Amino acid sequence: MDSHQTASPGPLTPTSPAMSELPYDQPIKSRRRQRLVQGLQRISSSPSLAKIGRSRATSEYRPGGMGSISCMSLSSPFSSTIFSPPSSYTSQLSAGFSTAPTSPGSLTGANCYFGPHPKIRIVERDAAGNEIIGSGSVPVPSEAQSCEDFGARLTKSAAKPFPRRENFNFWADLPHEIRVHILQFLSPKQIIRLSSVSKSWHEMCFDGQLWIELDCQSYYQQITSDALIKIMLRAGAFVKNLNLRGCVQLRDQWLSLGSRMTNQECRNLETFSIEGCKIERSSIHFFLLRNPRLLHINMPSMQNINNATMKIIASHCPLLEFLNIDWCSEVDTKGLKKVVQSCPRLTDLRASEIRGLDDKEFMLELYQRNGLERLIIQHCDTLTDDALSILTNGIEPEIDPLTERTIVPPRRLRHLDISKCRSLTDKGVKSMAYNLPYLEGFRLCQNHALTDDGLIDILSNTPRLTHLDIEEVDQLTNALLTAFAAAPGASSLEHLSISYCEHLGDVGVLPILKSCQNLSSLCLDNTRISDLVLIEAAEQVRKRGSTTNAKNRPKKGLSLIAFDCQNVTWAGVREIMSQNSRVLQHRSLFQHKTLSRASVNEKTGEVSASPAITSTTATPVLMYPKEIIHLKAFYGWQQTVEEHYKRCMTSRWSAAARLEGKWAGWMLASEEVGASGGHGTGWGGRRRRRRAREAEDRVRDEEDGGGGETGGEDGFTPNLRLL
C-alpha cells in the first residue's frame, strides 16, 4: 500500500515543478487524497494563500502572452467578499490546502470558481514568505481561459426542447398484427360497431383474421343481412367455424351470395351449422361441395335436404365426425348408409325421426363399423326389436353355450337415445344387455311397452352409467330401482329422471339415495314419494362434507325436482331448508401432555420420576355445509324456498335460519286456522286467529339489527299473499 502511494505522483502541469520541490515537508498523500484536495482547490483557490498575506491580484489573462495563474482573483484574510472560505483553510496542519469542503456563495459574476478544467496553482515562497514569480508559476492554457457559468449551462440544457415526432399517431403506427390481436378481445357485435368509425377502421374490422369463428347464434337478431354477407365475403378464406343458426334474414340472399363468392372464399370450413335458417337446397350443396375439410355438420329440421345431400356429404366430406339431421323427414336410411360407408371417422350420429330404421342392411353396416359413440334415433316408429338386436349383435352371432350370451366385440356406444320408439319391447332392449360396457348415457323416455324385465339386465351390466332417463315409462316398479341400487353402476350415477312413473315411490328411491353418492340431479315429479325421500336426501347431502369457514360459499350438491307429488308436505320441504342452513357444533379434542418431574429421596438418595399427565380439552367448533340442495316443489312454496336457497348460497346462515323459522310458524298457524274450516267460533277459534295474526306480524316486521345480513330481503311477505 505504501509503495503504491509513493510511486503515483499527483497530476502536474507541463511546467510545474516536481512534488519534491514543494517547500512543505509533508508526506505524499494518496491519489484519492490528492484528487479530493485538487477538487476543493478548484472550487476556491484563493484561500490557500490566506496565510501569505498577498494582496488580491488585479492582472488579467493576456490573449497571446505568457500569463501567470496568479491572475485569478484571490481574497485576502481581510476581504469582505462573500466568497471567503471558513477558517479551516488557515489551519497549520492543512499546509495551505483545503481540508473541508465548502459551497460557493454564488454561481454568477466575473470570478467564477467553476470551469470545464481544473486550475492548479503551485506556488514557491522564499525565506521571508514572499511568492517567487517565475519557476513557480505556469501559464494557463488557452482552453482553460474561458470560465462559463455553470448555472447558465444547466439553464441552457433544461431549456432545450425535447425532440418529438411530427404527426405521431399511436394506433396508426402500430403493426397490423398487433392491432388485429387487440380487436380479437372484442365481441363480434362491438367489432361491427367499430367499423363505422372511418374507412381505415372499416377495412380493419372486416379483416378475415378476426372472423375465424363466425358464430351468429348470440347476435343474429341484431346483425343485418348486408353486414353478415360482407363478413362472409371478406373473411371467407379465414372462417373455420360457421354457425348461422337462426339467421332468417339471409332467406333472399343465398343465391346472390353464392354467385358473388370466388374460388378462394369459404373453402376452409370445419364446422357448418344452419339450424333454423331458411336456406335453399342449392346453397347447402354449394357449401358442402366447396369444403372437403368439414368435421361437424349441423342441419336439423331442414325439410329441403334429401338423400342427394347425403350423397354429396359422402363423396366430398370424408373427414366427417359429427352429423345432425334430426327431424329431416326427406332423408331415409338409403342416403344415410352412404355416409356411414364413406366417413370412417363418424362418431356422433343424430338422426331422430328418420324413416327406414327397420332396414337390416343399414343396421348391419353400423354393427360392422362399430365406430359410433353417440347414437340418437328417438321418435322412430320404424325401429324394431330385430333392428336393435342387429345393431348390437349382428346377424346370427355365435352363442356361448354356458351363459347363452352372444360372443361379439363390445360396442363402443357411450350415449344411446331410443326414446319414443313405440315398436320397441323388452325383447329388443334385453338383447343389448351384455354388449354395452362403455355406456354412460341411456334415454328410454315414453316407451310404454317396457317393463322391469327388459331393463334390469342392461342396468346391472353398465358400470359407467352416469345419466339414466326413464321418464313416462308407466309399467316400471320399485323392483327396478332396488336392483339398480345394488348394481356396480350405482356409484357413478349422476342424473336420474323417473318423472311420471306413477308406480315408483319411497321403497325404490330410498335405496338409490343411499347408494348413489355422486347423484347431482333427481327428477321425481308426479311420483308416489313422500317426505321420507326429502329427509333422506337432505341427510345424504349433508354427509358429503362440512367446513369451519363461515364465509366459504357452498355449492349445489343436488337438484331435486318434486312437483305434483301428493305425498310431499311442507314438513319435508322444511326439513331440506333446515338442513341447508343448519350450523352444527362439533367439539374438537386437544390433548395436553405435561412432562414428568424427578424427585430425590433425602434418606435413601434415590431419584424417582413422577408419571406424565395427559389432559384433554374440548373446544367447540362450528361446522358449515359444503353442499346444499336446490329444491323445486309446490309453486305456492317455491318463492320462499328460492329465497332461502339464495341466502344459503351467499353464506348468510342466520338470515336463512330466521326465514325458515318464520315460514314454519306461518305454516303452523295456517294449519290451525284451516283445521276449523276458517270459521272457528268461541275462545278456541279466536285464539287460533290471534296466533295467525301474530305469526303474520312477525314475518312482515324486520328484526332489529338484522339489516346487515338480510339487507331487507326476507322475500317472505310477497309469498304470504300467495298463501
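Let me start with where helix α16 touches helix α17 in this predicted model. On the α16 side, the residues in contact are Asp452, Leu455, Ile456 and Leu459, and on the α17 side they are Ala479, Leu480, Ala483 and Phe484. By class, that contact has seven nonpolar residues, one charged and no polar. Helix α16 covers residues 452-460 and α17 covers 478-485, and they pack at about 10° with their axes 10 Å apart. Angles under 35 degrees count as roughly parallel, so α16 is roughly parallel to α17.

Now the salt bridges. The count is 19.

The N to O distance is 3.7 Å. Both ends are partly exposed: Lys430 has 37% relative accessibility, and Asp453 has 46%.

Next, Arg345 and Glu321, where the closest N and O atoms are 3.0 Å apart. Both sit in loops: Arg345 between α12 and β8, Glu321 between α11 and β7, 24 residues apart. Arg345 is partly exposed at 40%, and Glu321 is partly exposed at 24%.

Is each end buried or exposed? Glu627 has a relative accessible area of 16%, so it counts as buried. Lys555, at 52%, is exposed.

Last, the network: salt bridges link Glu373, Arg412, Arg414 and Glu440.

Technical notes
Residues are numbered from 1 along each chain as its sequence is written. This is a predicted model: local features need pLDDT of at least 70, side-chain atom pairs count only at pLDDT 80 or more; totals for chains, interfaces and linings use all residues. Side-chain values use heavy atoms; hydrogens and water are left out. Axes are lines fitted to C-alpha atoms, for helices over the stretch in contact, and angles run from 0 to 180 degrees between N-to-C directions. Helices (H or I, at least four residues) and strands (E, at least two) are DSSP runs, numbered from the N terminus. Angles under 35 degrees count as roughly parallel, over 145 as roughly antiparallel, 65 to 115 as roughly perpendicular and the rest as oblique. Contact means heavy atoms within 4.5 Å. Ala, Val, Leu, Ile, Met, Phe, Trp, Tyr, Cys and Pro count as nonpolar, Asp, Glu, Lys and Arg as charged, and the others, Gly among them, as polar. A salt bridge is a side-chain nitrogen of Lys or Arg within 4 Å of a carboxyl oxygen of Asp or Glu. Buried means under 20% relative accessible area, exposed over 50%, partly exposed in between (1.4 Å probe, protein chains only).
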